[in-house]
Amino acid sequence: MEIIDIIEKKEPKEKATTVKNITEPVSISGSQAVLEAFIAEGVETIFGYPGGAIMPIYDALYDYHDKLKHILVRHEQGGIHAGQGYARASGKTGVVFATSGPGATNLVTGLADAMIDSTPLVCITGQVYAHLLGTDAFQEVDVINITTPVTKWNYQVTDATEIPSVLAKAFYIAGTGRPGPVLIDITKNAQLQKFDYEGYIKCTHIRSYRPKPIVRKKYVEEAAKLINEAKKPFVIFGQGVILGKAEKEFKAFIEKGGLPAAWTLLGLSALPTDHPQNVGMLGMHGNYGPNVLTNECDVLIAVGMRFDDRVTGRLDKYAKQAKVIHLDIDPAEIDKNVKSTVPVWGDCKETLPLLTQLIEAKQHTEWMAKFKEFTQKEIEVVIKNELNPTGDELTMGEVIKLLNELTNGDAIIVTDVGQHQMVACRYAKFNETKSNITSGGAGTMGFALPAAIGAKFGAPNRAVIAIIGDGGVQMTIQELGTIMQTGTDVKILILNNQFLGMVRQWQQLFHDKRYSFVDIESPDYVQVAKGYRIEGQRVDERANLKAALKTMVDHNGAYLLEVMVGKENNVFPMVPQGCSVAEIRLS
Amino acid sequence: MKQEFTITVYTENQIGLLNRIAIIFSRRKINIDSMNTSPSEIEGIHRFTIVIDETEEVVRKVCRQIEKQVEVLKAYFNTNDEVVWQEMALYKVSTDEIVEKVKVERLLRECGARAIAIRKDFTVFETTGHREETNKLIKALEPFGLIEFVRSARIAIIKESHGFHEKLKEFEQKEPSEDVIENEFLNQQEEVFSM
């Protein structure tokens, strides 16, 4: 009864560890306590922007510059996206500073993005003096209430003595269970206040908070039984595999069961793209086979994903024939959109090995071949023309194909939102996990450039390439200043189709080609980059493309490459909104 | 099928939690019929009683979202059959009317109303019961000039519940969470230097 043992084995009760052995309390300020907490939590990099209400913390930071690296961004939104990129590339918690009022409200988009994409962040915002709260003071904004729906937890500190325990809670909540952003708003008086500091104690338990549900043996057994009886089992996986650090466990699971596996946008790179059982991408612009066969499989095994509407298409026609097994750490996700036959609550790092143990080793050769048939069809109708176009215009797909050849799939690719994002995610090769960083649930344009900066700090030994459209890059282009000042080695690949391409595609397909405000002009990006002392070039001919990409990849330091691609190319396949996944269009 | 559900939420005492719970409903455009917060059977743990008119599926999903909040210990939902519940209502009527008309006095007695304040000019009655019972008295009093009426939120006890003590032991490995620090500076503005 090994299973019982594993299930009942409680987590070792960690003794609260005093990070700093302080025998006598020392008098420090609230600001110092914040920074001491960071050091105790292993924080190395902070992304931030100073201002009036956070000045005491920045003043304290002056003395900590040898222990904590601070990256001065150009806009708080850039700061938080950088924090997200850092977290997604490193698997650690991103840390962001902003001042009160507008500084704090500029974080909101990033918080919403991190919330829906389950990214662990601790954001510290300054706040006016406690006695000024509610008086409409200068740069006073009710940040706690503004951010409540977009944070996993938030808290306002008005007394410095609270800081060590509140920050310990913040890091614990942000990083455990289903991760998410936490915001701590600290009033200026609390930052300045001196108090008797007795050391930092990491948080390991909050009585009202359960990071993960208890694994129920019964469900694991039921799930294994369904998988063993299945003729056409199909695994769909999301970011839960990456966040749970369960890539190995996941691979072992699908390999033993001979299970075809398809990924959601955020699940990409959890399994190498060339793994023989990796059958491609799900959803609106996913691959042909995974979408159509979702409605033909007999057992659908969802691992760490949340059945987003971009994945399911029309819900009442989604996998109705299948028995659904849903593995998720967040109980609120179970049965939220798709009713599960067997809910396997828990951390997939724990549940996947239990399942693997109980399933029979199998090969579903015929079933796998079916995916290949669909792939073949997709290659003929879509992929061939996208990757090896015969016309004069460059396609986004061929750029990605050449990039794959140059990076061998080892780079971190950060994408923005729109056509280029779909094309990059469809065709980019990945060997390693945490290599695909994109704004999924929120679809935040302007995400990629700052997130790429963060990703480079999170994974300094890896190449980071930001692929951005001409719309998105203009939303956060100011972060070129951050790259200039920090000398961050980020490659910026702009795929310029001179349109807000995805919206244009929809207007073409669903609004009779009434192109309403999608015609967007661009500055001379190479000149802009030059202004920021970043080298770059622009390419509009196929003959120069490979050499230009090579120059970019090989360049020592940041580099901007603008590639002019076809103006009115569409991303296919496509599941039109309101249609079933089986109604996916190839053209 | 939509019906009345009583949601009972056990929580820590934390500023802002009311908002966190309320926006779970407003985000989904669900109207809260009544909401009451009070202490629970356990010291330091608060109890929300929320009434909404929704389908069971929606209520279940909403409860999971509520439970997901860090400071929420547990959320239960029950149909009206599964709870014992009461609402309190207050009615203000003119004292003259009551003195003059014996009918009114009899009516109030029949409805189990209790006079809780009698002044020269007005009298306040109180009844406790289900919605239909408190509503009945409004109708009855209307012809005699009901000056003011107010009804409390529902409070409810779950019939099947054995209390939250046992459940809490599961949650509690350590000492209870710390008390909330409220803003003590608000009334001492003059003494505090600000920039």
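How many helices and strands are there in chain A? Within that chain, which residues of helix α12 are buried, and against which elements do they pack?

Modeller: This is a predicted model, in which local features need pLDDT of at least 70 and side-chain atom pairs pLDDT 80 or more, while totals for chains, interfaces and linings use all residues. Residues are numbered from 1 along each chain as its sequence is written, with chains lettered from A and ligands numbered from 1 in written order.

Chain A contains 23 helices and 20 strands (DSSP runs of H or I, at least four residues, or E, at least two, numbered from the N terminus). Its radius of gyration, over C-alpha atoms, is 25 Å, close to the 25 Å that the globule rule (2.2 Å times the number of residues to the power 0.38) gives for 587 residues, so chain A is as compact as a globular protein of that length. The C-alpha atoms fill a box of roughly 70 × 65 × 40 Å along the principal axes. Of the 587 residues, 58% are buried (20 or more other C-beta atoms within 10 Å of the residue's own, C-beta atoms being placed from the backbone).

Helix α12 of chain A spans residues 247–257, and its buried residues are A:E249, A:F250, A:K251, A:F253, A:I254 and A:G257. These residues pack against helices α10 (217–229), α11 (240–243) and α15 (348–358) of chain A, and against strands β9 (233–237), β10 (261–263) and β12 (299–303) (contact: C-beta atoms within 7 Å). After α12(A) comes A:G258, with a positive phi near 60°. Across chain A, 78% of contacts between residues at least 6 apart in sequence join residues at least 24 apart.

Technical notes: A residue is buried if 20 or more other C-beta atoms lie within 10 Å of its own, exposed if 12 or fewer, and partly exposed in between; C-beta atoms are placed from the backbone. Two residues are in contact if their C-beta atoms, placed from the backbone, lie within 7 Å.
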